[in-house]
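Hi everyone, thanks for coming.

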Amino acid sequence: MNQEIQQATASEPLSIEEEYAMQRSWQQDADKLTFIVCRPIVSPESSTIQLSPEYDSSQNMVGDINLFLRVDDGEEGDAPPEILGEIELMIAEKANQGQGFGKAALLTFLRYIVERQAGIVEEFVNADVGPETVAKLRAASPSLGLSCLSVKIGQANARSLALFESLGFKKISVEPNFFGEFELRRTELGLVSIDKALETAGVDEYREIPYTRK
């Protein structure tokens, strides 16, 4: 793995067996959601197109974007529990950075999460959260949802900080944490605000396209 990418993603090299185990985890675990970021489809028939394996072939992949769910009940464990979603975004190669892939991926990922957050949260709670904590969560809000979306970014990563701040994420402290990272959070998770951000970015319509693999 490229050392710069490794440092930016706080990751370690994996053996092939460890890589396969991680892929199984991403597929099966209820506290994770991941999408591969690919180059945009260029087609005059984009209104009727169906996705096929060529669109996510290795030469068209540029990065990934992930969501991790967790329950936060404060540093001392005595605050009312909340469900947080932490986002990680990576556009891997330098040649693909600075071209808008990150912003496009983040906006569409936000739209996907917000529209489906009830189902995403219920799956997480039913699979990974203990009954006592579930009872506390439902007592606070019978309709479970995310309290916020957060991201942790190294203090020197000015480009990523600017991207997330431009989309409504705000730093929770003026100083970086012990690891040299800023945590930013977005608490506004309504579809209207996300669609407005998409419109501002020049996206006329958010649409999901069927994917077929034979």
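Let's start with Ser150, which you'll find in strand β4, residues 148–154. Keep in mind that this is a predicted model. Is Ser150 buried or exposed? Its relative accessible area is 0%, so Ser150 is buried. And which residues is Ser150 in contact with, once we leave aside its neighbours within four places in sequence? There's Gly85, Glu86 and Ile87, then Phe169, and finally Glu183, Leu184 and Arg185.

Now over to helix α6, residues 191–200. Here Ile194, Ala197 and Leu198 are buried. If you look down the axis of α6, the buried residues fall within an arc of 100°, so they line one face of the helix. What do these buried residues pack against? Their partners are α3 and β6, the latter spanning 181–186. After α6 comes Gly202, and its phi is positive, near 95°.

A pair of aromatic rings is described by the distance of the centres and the angle of the planes. How many aromatic pairs does a search of the whole structure find? It finds four. One of them is Phe35 with Phe109, an edge-to-face pair at 5.8 Å centre to centre, with 80° between the planes. This pair links distant parts of the chain: Phe35 belongs to strand β1, residues 32–38, while Phe109 belongs to helix α3, residues 101–128, and the two are 74 residues apart. As for accessibility, Phe35 is partly exposed, with a relative accessible area of 32%, whereas Phe109 counts as buried, at 2%.

Another edge-to-face pair is formed by Phe178 and Phe179, at 5.3 Å centre to centre and with 85° between the planes.

Going back to Phe35 and Phe109 for a moment, ring pairs link them with Tyr112 into a cluster.

The charged end of Lys171 sits over the ring of Phe182, 4.1 Å from the ring's centre.

Methods
Residues numbered from 1 in each chain as written. Predicted model: local features only at pLDDT ≥ 70, side-chain atom pairs only at ≥ 80, totals over all residues. Heavy atoms only, no water. Phe/Tyr/Trp six-rings, centres within 6.5 Å; stacked < 30°, edge-to-face > 60°. Helix = DSSP H or I, 4+ residues; strand = E, 2+ residues; numbered from the N terminus. Buried < 20%, exposed > 50% of the residue type's maximum accessible area, 1.4 Å probe, protein only. Lys NZ or Arg CZ within 6 Å of the ring centre and 35° of its normal. Contact = heavy atoms within 4.5 Å. Arc of directions from axis to C-beta.
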